Amino acid sequence: MNTIKISKGGVKMIAHRGLSGLERENTCSAFVAACNRESYFGVETDVHRTADGHYVIFHDDDTRRVGVDSLKIEESTFDTLRSLQLTDIDGQRGRSDLRIPSLEEYIGICKKYDKDCVLELKNHFRAADIHRIVSIVEKSGWLERVIFISFDLKNLIALRRYCPQQRAQYLLSKFQDDALDALSEYDLGLDIKYTALTPEIVSRVHDIGKEVNCWTVNEPDEAAKLVDMGVDYITTNILE
């Protein structure tokens, strides 16, 4: 495994979709692998709503890339999705434990190992669904340890109505000046593709009192540059 010393500046490492460099992404195995390593501050993942109103952990809109069979997440029931055996990282099926987790299972693993959650609200959610997701996390007793992230600003605005003080970050692929207005207005940190970052952007975000997260950094030399820029978090598949 590639490693980098991150003591400079106190940068926090986030395991992207769990320790997805070693285990199938967004599975309980990937979450446990990340949680068992002291170097990770938190575990990032993605949440979707199923057709029957459950919340599951998965990245893509359909299962083909990691499950061979193609099921649309938001058009399938929880039981149907749960019955699908995912492939291992070699692309082959064979491990019966590789299943699509529920939101509750993800939260439970992070809580058991005392890790922060970085929970991406995938696609656009109805405000009622965001409220239910928050309620599920709150019921688990782990809401204070969750950072919500989303590319959909409306998701984050809806979150703010329910949780004015909740940690949240706005996901971006590239930086635009009007992003600073959104960060300020809705009290959001920045979670941006690392190749779009510059020292000036980090400084501008810090100047308005917000944190900077960046994704997805898998090379030690690139991580070292970001540490020097002063980012607050580095999201990675494999670095620790």
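## Cysteines

The sulfur of Cys163 lies 14 Å from the closest cysteine sulfur, that of Cys117, which is too far for a bond; a disulfide is defined here as a pair of cysteine sulfur atoms within 2.5 Å. Cys163 counts as buried at 9% relative accessibility, where buried means under 20% relative accessible area, exposed over 50% and partly exposed in between (1.4 Å probe, protein chains only). The structure holds zero disulfides. Cys117 is likewise in no disulfide, and its nearest cysteine sulfur, in Cys110, is 3.6 Å away. Cys117 is buried, with a relative accessible area of 0%.

## Basis of the model

This is a predicted model, in which local features need pLDDT of at least 70 and side-chain atom pairs count only at pLDDT 80 or more, while totals for chains, interfaces and linings use all residues. Residues are numbered from 1 along each chain as its sequence is written, and side-chain values use heavy atoms, with hydrogens and water left out.

Strand β2 covers residues 40-49 and is mostly covered, with eight of its 10 residues buried. Strands (E, at least two residues) are DSSP runs, numbered from the N terminus, and two strands pair if DSSP finds at least two bridges between them. Strand β1 (residues 12-15) runs parallel to β2 and is joined to it by three bridges; Met13 stands opposite Tyr40 in β2. Six bridges join β2 to strand β4 (residues 116-121), also in parallel orientation, and the bridge partner of Val47 in β4 is Leu121.

The pairing of β2 with strand β3 (residues 55-57) is antiparallel and comprises three bridges. His48 stands opposite Val56 in β3. β2 and β3 form a hairpin with five residues between them, and Gly53 in the turn has a positive phi of about 85°.

## Aromatic pairs

The structure holds three aromatic pairs. Rings of Phe, Tyr and Trp (its six-membered ring) pair if their centres lie within 6.5 Å; planes under 30 degrees apart count as stacked, over 60 as edge-to-face and the rest as tilted. The ring centres of Phe41 and Tyr233 are 5.9 Å apart and the planes meet at 55°, so this pair is tilted. Phe41 belongs to strand β2 and Tyr233 to strand β9 (residues 233-236), so the pair ties together parts that are 192 residues apart in sequence. Phe41 is partly exposed, with a relative accessible area of 22%, whereas Tyr233 is buried, at 2%.

## Cavity and pocket

On a 1 Å grid over the protein atoms alone, a cavity is a set of points where a 1.4 Å probe fits but cannot get out, and a pocket is an open set with protein on both sides within 12 Å along at least five of seven lines; lining residues have an atom within 4 Å of a point. A search of the whole structure finds one cavity of 30 Å³ or more. The largest cavity has a volume of about 40 Å³ and is lined by Glu25, Asn26, Phe58, His59, Asp60, Arg65, Val66 and Leu86.

The largest pocket has a volume of about 190 Å³. Its lining comprises 14 residues, of which Arg167, Ala168, Asp187, Gly189 and Glu211 lie nearest the centre of the pocket. A volume is the space filled by probe spheres set on the grid points, which are joined across faces, edges and corners.

Key:
Helix = DSSP H or I, 4+ residues; strand = E, 2+ residues; numbered from the N terminus.
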